[in-house]
Amino acid sequence: MIRRTLLALAASTALAAPAFADAHSMNIVDTAVAAGNFTTLAAALEAAGLVETLTGEGPFTVFAPTDEAFAALPEGTVEALLADIPTLTAILTYHVVAGTVMSTDLTDGMTATTVNGADITIGTEGGVTVNDANVTTADIVASNGVIHVIDAVILPPM
């Protein structure tokens, strides 16, 4: 099931890649899929039933972990999360803030309440961070919000 989903996402990513240049007309999910390095995130969003929400009107700010960020988790973690939808949903919604927050809006030490209900902390000293994750690419604008790429999966307080 997971393998089939990832293969389908990889195929759709390859076909959608030319459209990435016009991200403003694509929603957050389509923009992430077109980028090609968020297949695990896209599969997790699908498993958690969050695709419809993040393709909705928004606006949303998504701190999006790359495939490499998910791969850095201990072996078996992604598979375990895909089998534990409530925990997966809590983690994914911890990466989303309601509204559009651009990099120019960020200040050192600011906090933002996520859709999960828990706060994240932004750092701007020596580069932008969200909790312990580094923002590697900021301000990818989509039709219903913005994506900031991060290099780690951030975990809500549990």
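Modeller: Let's start with one term: two strands pair if DSSP finds at least two bridges between them. Helices (H or I, at least four residues) and strands (E, at least two) are themselves DSSP runs, numbered from the N terminus. The model is predicted, so local features need pLDDT of at least 70 and side-chain atom pairs count only at pLDDT 80 or more, while totals for chains, interfaces and linings use all residues. Residues are numbered from 1 along each chain as its sequence is written, and side-chain values use heavy atoms, with hydrogens and water left out.

Biologist: Thanks! How many helices and strands are in the protein chain?

Modeller: There are seven helices and seven strands. Reading from the N terminus, the order is α-α-α-α-β-α-α-α-β-β-β-β-β-β.

Biologist: How do I read the sheet, and in what order do its strands lie?

Modeller: In general, strands of a sheet pair through backbone hydrogen bonds, either parallel or antiparallel. Here the seven strands form an open sheet with mixed pairing, in the order β2-β1-β7-β6-β5-β4-β3. Strands β2 and β3 (111–113) are the edges, each pairing on one side only.

Biologist: In which sense do β1 and β7 pair?

Modeller: Strand β1 (residues 60–65) and strand β7 (residues 145–150) are parallel, over six bridges. Phenylalanine 63 sits opposite histidine 148 of β7, and proline 65 sits opposite isoleucine 150 of β7.

Biologist: And which sense do β6 and β7 take?

Modeller: That pair is antiparallel, over five bridges. The two strands make a hairpin with two residues between them. Valine 141 faces valine 146 in β7.

Biologist: Next, burial. How many of the residues of β7 are buried?

Modeller: First the cut-offs: buried means under 20% relative accessible area, exposed over 50%, and partly exposed in between (1.4 Å probe, protein chains only). In a regular strand the side chains alternate between the two faces of the sheet. In β7, six of its six residues are buried. Gly145, Ile147 and Val149 are on one side, with Val146, His148 and Ile150 on the other.

Biologist: What about helices, say α3: which of its residues are buried?

Modeller: An α-helix has 3.6 residues a turn, so residues three or four places apart point the same way. Helix α3 (39–48) has eight of its 10 residues buried: Thr39, Thr40, Leu41, Ala42, Ala43, Ala44, Leu45 and Ala48. Just after α3, glycine 49 takes a positive phi of about 75°. For another helix, take α7 (residues 85–93), where Leu88, Ile91, Leu92 and Thr93 are buried. Their cover includes α3, α6 (77–82) and β2 (96–98).

Biologist: Which residues have the most contacts inside the largest nonpolar core?

Modeller: In soluble globular proteins, nonpolar side chains tend to be buried together. A nonpolar core is a set of buried Ala, Val, Leu, Ile, Met, Phe, Trp, Tyr and Cys residues joined through side-chain atoms within 4.5 Å. The largest one has 28 residues, and Leu41, Leu45, Leu54, Val62, Leu92 and Ile147 have the most contacts inside it. Among the elements that each supply at least two residues are α2 (28–35), α5 (67–71) and β6 (133–142), while α3 gives the most, with five. Apart from this core lies another, of 14 residues, including Ile120 and Ile154.

Biologist: Which residues does valine 62 touch?

Modeller: Touching is a contact, meaning heavy atoms within 4.5 Å. Not counting residues up to four places away in sequence, valine 62 touches Ile28, Leu54, His95, Val96, Val146, Ile147 and His148.

Biologist: Histidine 95 is in that list. Is histidine 95 buried or exposed?

Modeller: Histidine 95 counts as buried because its relative accessible area is 4%. Histidine 95 lies in the loop between α7 and β2. A polar atom of the histidine 95 side chain lies 3.1 Å from the backbone nitrogen of isoleucine 154.

Biologist: And glutamate 68, buried or exposed?

Modeller: Glutamate 68, in helix α5, counts as exposed because its relative accessibility is 55%. The C-alpha atoms of glutamate 68 and valine 153 are separated by 9.7 Å, though these residues are 85 apart along the chain.

Definitions and conventions. Polar contact = N/O pair within 3.5 Å; in protein donor to acceptor, adjacent residues only side chain to side chain.
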